[in-house]
Amino acid sequence: MQIEREVRMREGASKLLAACSQREQALEASKSLLTCNARTLALLSQLQKMRKAQILQRVGSRSDEVPSGHIIPCSGKVALSDLRIPLMWKDSEYFKHKGELHRCAVFCLLQCGTHIHDTDLVMVDRTLTDICFEDTVIFNDVGPGFELRVELYSSCVVEEFCPGAAGPRRMSCLGGSMGCSSGKKIRGAFRSTTIYGSISSGEVGPGGPKYNLLAHTTLRIDHVQDGFKTHDLLLDSTEDSPFWLPLYGNMCCRLVAQPLCMIQPVISGQLKVKLGEALKCWANVYSVLGGQSILCYQSQEDLESEDKPLLVIAIRKDTLVCVSEGESHNIHISTQLQGQDVTYTLTMDTPEDMQRWAQALWQHINNMNQWKQCCDHLMKIEMQSCKKSITVKQGSLYHQTGSVTPASYTQTLAAISRLV
């Protein structure tokens, strides 16, 4: 169960935080606690919605059912990468290095539905002009109506680190179908999340570093673009806060999407296609619908050998698909190309095949309209070659040795969670 896994991860992070002797370890443990809290609350919210739906189903409510004739769009992947947040230091701080050196540990929490990811930790002071996150975060099984919330958290880094224990645990029986043991753990995590560390404040308990929400924004399908784009940030802190950083009020990132209809074949099979209205010439072809076209090959072997298709039928958002009435099993596809209407006629051997292709075409065109510009061309998701350490090159950020990499920290946390 996902909730129980997050509870075990949270308990492991709590134990690690209590045993931390270095500041970097404590910052990473506190970040993990905040992330686990967010995931637990998101999963509990989803569980509550599922139980509500079950109750409505038992009493016979149909308010949440899909309307008759409504076509549900396909899901897809959404990826956010190369996140940059510019800083606006005062001239006296950045150029003249006057005033107290202000350092903060920052990271981003990215949430899309119940899927939550955190970025690497970045140490920030006045020697940096931008906060850069090199992570590529991918959300799978996302619909076109997605909302991707980006939250920037900050914690003031003090020179003297005093190790401290995490707050006490509170547990009570959750009851229900989860069982008493699981319920106690989940309710304990939920209460400690509420009492000691709300997601907005970022507090994880007495004695540990505290992360606070610095800024946030919500990205939707209209923000998707195959390139860098600037988005507005809503600031959640003031200059008198110890964790405050001089943000410009915007961020730059690359947000791309890959609907499944653009990367996977929708339907394929043998059919006949009319090659010309004047010649009335028909050809037996093996056709594959996917992306922005139907690719017609002379045989399935030509497709597998990646030969050039015999015919390419363009499919656009405004393509019209009509089914012939009567005994003929024909489908007419009309598309505008270079200002002219072009019509193709497909015929199948059986009415079942015709209905299957027609439904697939209507579904595919609906997917393209729902995913909007994401179906204009296939966007590329660029992955980083390797994960970077939290250590930043500027010498002013770290004076101590023995920094912790995210990989080694994750392995330690996972080992501790298995012992819980």
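Two strands pair if DSSP finds at least two bridges between them. The structure described here is a predicted model.

**Overall features**

The chain holds eight helices and 17 strands. It has 420 residues, and 45% of them count as buried. Among contacts in the chain with a separation of 6 or more, 69% are between residues 24 or more positions apart. The accessible surface comes to about 21800 Å², and carbon and sulfur atoms account for 51% of that area.

**Strand β6 and its partners**

Strand β6 spans residues 148-156 and is mostly covered, with seven of its nine residues buried. Strand β7 (residues 212-219) runs antiparallel to β6 and is joined to it by seven bridges. Within that pairing, Leu 152 has Ala 215 of β7 as its bridge partner. Strand β2 (residues 104-112) also pairs with β6 in the antiparallel sense, here over nine bridges.

**Strand β13 and its partners**

Strand β13 covers residues 293-297, and because four of its five residues are buried, it is largely enclosed by the rest of the structure. Strand β12 (residues 281-290) is antiparallel to β13 and connected to it by five bridges. Gly 290 has Ser 293 in β13 as its bridge partner. The hairpin of β12 and β13 has two residues between the strands, and Gly 291 takes a positive phi near 65° there. β13 also pairs with strand β14 (residues 311-314), again in the antiparallel sense, over four bridges. In β14, Val 312 stands opposite Leu 295.

| Strand | Partner | Bridges |
|---|---|---|
| β6 | β2 (residues 104-112) | nine bridges |
| β6 | β7 (residues 212-219) | seven bridges |
| β13 | β12 (residues 281-290) | five bridges |
| β13 | β14 (residues 311-314) | four bridges |

Helix α7 (residues 351-371) contains His 364. This residue counts as buried because its relative accessibility is 0%, and the cut-off for buried is under 20%. The His 364 side chain reaches the backbone oxygen of Gly 291 at 2.6 Å. Gly 291 is the hairpin residue with the positive phi near 65°. Apart from neighbours within four places in sequence, His 364 is in contact with Cys 261, Val 266, Leu 289, Gly 290, Gly 291 and Ile 315.

**Val 142**

Val 142 lies in strand β5 (residues 130-142). Its relative accessible area is 5%, so Val 142 is buried. Val 142 and Val 78 are 64 residues apart in sequence, while their C-alpha atoms are 7.0 Å apart in space.

**Cysteines**

The count of disulfides is zero, where a disulfide requires two cysteine sulfur atoms within 2.5 Å. For Cys 156, the closest cysteine sulfur is in Cys 104 at 5.2 Å, which is too far for a bond. Cys 156 is partly exposed, with a relative accessible area of 31%. For Cys 253, the closest cysteine sulfur is in Cys 252 at 6.7 Å, so this pair is also too far apart for a bond. Cys 253 counts as buried, at 0% relative accessibility.

Key
Residues numbered from 1 in each chain as written. Predicted model: local features only at pLDDT ≥ 70, side-chain atom pairs only at ≥ 80, totals over all residues. Heavy atoms only, no water. Buried < 20%, exposed > 50% of the residue type's maximum accessible area, 1.4 Å probe, protein only. Polar contact = N/O pair within 3.5 Å; in protein donor to acceptor, adjacent residues only side chain to side chain. Contact = heavy atoms within 4.5 Å. Areas by Shrake-Rupley, 256 points an atom, 1.4 Å probe, with all protein chains shown as cover.
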